[in-house]
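Dear colleague,

Please find below the structure that I am handing over to you, together with its sequence. My notes on what was found in it follow.

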Amino acid sequence: MPWLAMAIALTLSACSQVQVTVPNPRLEVPELRGDSGMAMTAGVSGAHVYSATRDGSDRPPEMDEPSALGAFDLSGGVHYSPGAPLQIGIEINGIDGYGASTILKFQIAGDGTHGADVGNLPALIYLRAGGVYGHKDGDQNGTFGAGGYHWKGVVSGAYVHAGASMGYRLAPHALLYWGGAAGQYWINSEINQDPHPSTGDAGGTYKRGDSGRAYTGGIGAEFTWTRVQFFVSAEGTSYDYKHTKAKIDPFVHAGVIITP
């Protein structure tokens, strides 16, 4: 069955990709809780997978044509507001690889969720900084190659996002909002291949750096109660690195905020 052979080949090839999931700049809800206290978040948002090479076991690996493809990311966070307009938090994320970030939000207009009424016009700015890490290793020379060729690949990155959003409270439990964000990325990839003891293959260490930018715009809605808020937004993101092809993808950003 040719289709089965193709599926197996693609699966095995994907197992040798050295890549990591990188969060996109995203649209943030413009209302904070409106008083001092904690907020816990969980959600799914747009991201892209940066792949340093299609096969880290190739000798030597092909690292001149990395790729970036749209994906989704899962995240969870804990945030604290020392006062009405300010919130600082820590988030963890990752599907393919691991990531963490700190995020600072400042509500520059309007009331917070705990005191908002119909007609509220909130506005918010935010800054997010974080890093990601992914790794892969194996023991072959090529996808279907002989064993005994140990290798390990690592791709790590750092990013900064900044954005703004504003909204209008249509009803006591419904907020419409819109806005945009931008991000800057720095990626470093490294593949180490051990020498083979009997073939004379010397192995080696291969490195590559990259940087890129991304821009996001969108519109969303939040459905609010005193202690729990649900949100969903439709977003479009363009992202481009120096060594990848530029892409524009649609995403859905959705999640829950708990403000005990």
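**Salt bridges**

K207 is exposed, its relative accessible area being 62%. Please bear in mind throughout that this is a predicted model. The salt-bridge partner of K207 is E190, and the closest N and O atoms of the two are 4.0 Å apart. E190 is partly exposed, at a relative accessible area of 28%. Because K207 belongs to strand β9 (residues 204-224) and E190 to strand β8 (residues 174-193), this pair ties together parts that are 17 residues apart in sequence.

Other salt bridges share partners, and in this way R26, E28, E91, K105 and R128 are joined into one network. In total, the structure holds nine salt bridges.

R26 forms a salt bridge with E28, in which the closest N and O atoms are 2.5 Å apart. R26 also forms a salt bridge with E91, and here the corresponding distance is 2.7 Å. The second pair ties together parts that are 65 residues apart in sequence, because R26 lies in the loop between β1 (18-23) and β2 (37-53), whereas E91 lies in strand β4 (residues 86-93).

Are these residues buried or exposed? R26 and E28 are both buried. For R26 the relative accessibility is 5%, and since the cut-off for a buried residue is under 20%, R26 counts as buried. E91 is likewise buried, with a relative accessible area of 3%.

**Strand pairing**

Turning to the strands, β5 (residues 98-109) and β6 (residues 123-140) run antiparallel and are joined by 11 bridges.

β6 and β7 form a hairpin, with six residues between the two strands. The turn of this hairpin contains G142, which has a positive phi of about 90 degrees.

**A buried threonine**

T237 is located in strand β10 (residues 228-241). With a relative accessibility of 1%, T237 counts as buried. The side chain of T237 makes a polar contact of 2.7 Å with the side chain of T216.

**The largest pocket**

How many residues line the largest pocket, and which are the closest to its centre? There are 13 lining residues, and those closest to the centre are E65, P66, S67, A68 and K245. The volume of this pocket is about 190 Å³. By residue class, the lining divides into four nonpolar, five polar and four charged residues.

**Points to inspect**

- the network that joins R26, E28, E91, K105 and R128;
- the salt bridge between K207 and E190;
- G142 in the turn between β6 and β7;
- the contact between the side chains of T237 and T216;
- the lining of the largest pocket, including E65 and K245.

With kind regards

Notes
Residues are numbered from 1 along each chain as its sequence is written. This is a predicted model: local features need pLDDT of at least 70, side-chain atom pairs count only at pLDDT 80 or more; totals for chains, interfaces and linings use all residues. Side-chain values use heavy atoms; hydrogens and water are left out. A salt bridge is a side-chain nitrogen of Lys or Arg within 4 Å of a carboxyl oxygen of Asp or Glu. Buried means under 20% relative accessible area, exposed over 50%, partly exposed in between (1.4 Å probe, protein chains only). Helices (H or I, at least four residues) and strands (E, at least two) are DSSP runs, numbered from the N terminus. On a 1 Å grid over the protein atoms alone, a cavity is a set of points where a 1.4 Å probe fits but cannot get out, and a pocket is an open set with protein on both sides within 12 Å along at least five of seven lines; lining residues have an atom within 4 Å of a point. Grid points are joined across faces, edges and corners, and a volume is the space filled by probe spheres set on the points. Ala, Val, Leu, Ile, Met, Phe, Trp, Tyr, Cys and Pro count as nonpolar, Asp, Glu, Lys and Arg as charged, and the others, Gly among them, as polar. Two strands pair if DSSP finds at least two bridges between them. A polar contact is a pair of N or O atoms within 3.5 Å; within protein, one must be able to donate a hydrogen and the other to accept it, and residues adjacent in sequence count only if both atoms are side-chain atoms.
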